[in-house]
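Here's a quick briefing to read with the fold open in your viewer. Have a look around first, then follow the notes below.

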Amino acid sequence: GAIGSNVYKHEIPGGQYTNLLFQSKQLGLAGRFAEVKKAYALANKLLGDIPKVTPSSKTVGDLAQFLVTTKISEEELVRDAATLPL
C-alpha cells in the first residue's frame, strides 16, 4: 500500500518508513517487508507505544526486524527478554 496508509495502519512515521525499508533490504528482509511492518506495530506496543521520533522510532524498527529475523513470538520475547541478544 501507499506510505500514508502504512503510517496509519502500522504507526510507522513517514521518514522511518523509508529507513525501515532500506534497512530491511540490507538485512535481506525486503521480501518480508509486510511482516516487518506488522512487527513494527507489535514492537511499538511492546515498548509502551512510545513517541516515534529519532532515535525511538529506530529502536522500534530494530526490534521489529529482530522479531522477523528470529521468528520469535511476542510471548517468547517477553519471557526471555533478559537473555536475548538485544
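Where is Lys71 found? Lys71 sits in the loop between helix 4 and helix 5 (74-80). One thing to keep in mind throughout is that this is a predicted model.

**Helix 2 against helix 3**

- Two packed helices are described by the angle between their axes and the distance between the axes.
- For helix 2 (residues 14-26) and helix 3 (residues 33-46), the angle is about 130 degrees and the axes are 11 Å apart.
- That angle makes helix 2 oblique to helix 3, and helix 2 passes helix 3 in a right-handed crossing.
- On the helix 2 side, the contact is made by Gln16, Tyr17, Leu20, Leu21 and Ser24, while helix 3 brings Phe33, Val36, Lys37 and Tyr40.
- Sort the residues of this contact between helix 2 and helix 3 by type and you get 6 nonpolar, 2 polar and 1 charged.

**Helix 2 against helix 4**

- The axes of helix 2 and helix 4 come within 11 Å and cross at roughly 35 degrees.
- Helix 2 passes helix 4 in a right-handed crossing.
- Here Gln16, Leu20, Gln23 and Ser24 of helix 2 meet Ser57, Lys58, Gly61, Asp62 and Gln65 of helix 4.
- By type, the residues of the contact of helix 2 with helix 4 split into 1 nonpolar, 6 polar and 2 charged.

- Ser24 belongs to helix 2 and has a relative accessible area of 0%, so it is buried.
- Leaving out residues up to four places away in sequence, Ser24 touches Leu29, Ala30, Phe33, Val36 and Gln65.
- Val68 is in helix 4, and its relative accessibility is 5%, under the 20% cut-off, so Val68 counts as buried.
- With residues up to four places away in sequence not counted, Val68 touches Leu29, Arg32, Glu35, Val36 and Ala39.
- Val68 and Tyr40 are 28 residues apart along the chain, yet their C-alpha atoms are separated by 9.6 Å.

**Lys52 and its contacts**

- Lys52 is in the loop between helix 3 and helix 4 (56-70).
- Its side chain makes a polar contact of 3.2 Å with the side chain of Asp49.
- A polar atom of the Lys52 side chain also lies 3.0 Å from the backbone oxygen of Ile50.
- Not counting residues up to four places away in sequence, Lys52 touches Glu11, Pro13, Tyr40, Asn44, Ser57 and Val60.

- Most residues other than glycine have a negative phi.
- Asp49 isn't a glycine, but its phi is positive, at about 50 degrees.
- You'll find Asp49 in the loop between helix 3 and helix 4.
- Is Asp49 buried, partly exposed or exposed? With 48% relative accessibility, Asp49 counts as partly exposed.
- Lys71, another non-glycine, has a positive phi of about 60 degrees.
- The relative accessible area of Lys71 is 65%, so Lys71 is exposed.

Methods:
Residues are numbered from 1 along each chain as its sequence is written. This is a predicted model: local features need pLDDT of at least 70, side-chain atom pairs count only at pLDDT 80 or more; totals for chains, interfaces and linings use all residues. Side-chain values use heavy atoms; hydrogens and water are left out. Axes are lines fitted to C-alpha atoms, for helices over the stretch in contact, and angles run from 0 to 180 degrees between N-to-C directions. Helices (H or I, at least four residues) and strands (E, at least two) are DSSP runs, numbered from the N terminus. Angles under 35 degrees count as roughly parallel, over 145 as roughly antiparallel, 65 to 115 as roughly perpendicular and the rest as oblique. A crossing is left-handed if the near helix is turned anticlockwise from the far one by less than a right angle, and right-handed if clockwise. Contact means heavy atoms within 4.5 Å. Ala, Val, Leu, Ile, Met, Phe, Trp, Tyr, Cys and Pro count as nonpolar, Asp, Glu, Lys and Arg as charged, and the others, Gly among them, as polar. A polar contact is a pair of N or O atoms within 3.5 Å; within protein, one must be able to donate a hydrogen and the other to accept it, and residues adjacent in sequence count only if both atoms are side-chain atoms. Buried means under 20% relative accessible area, exposed over 50%, partly exposed in between (1.4 Å probe, protein chains only).
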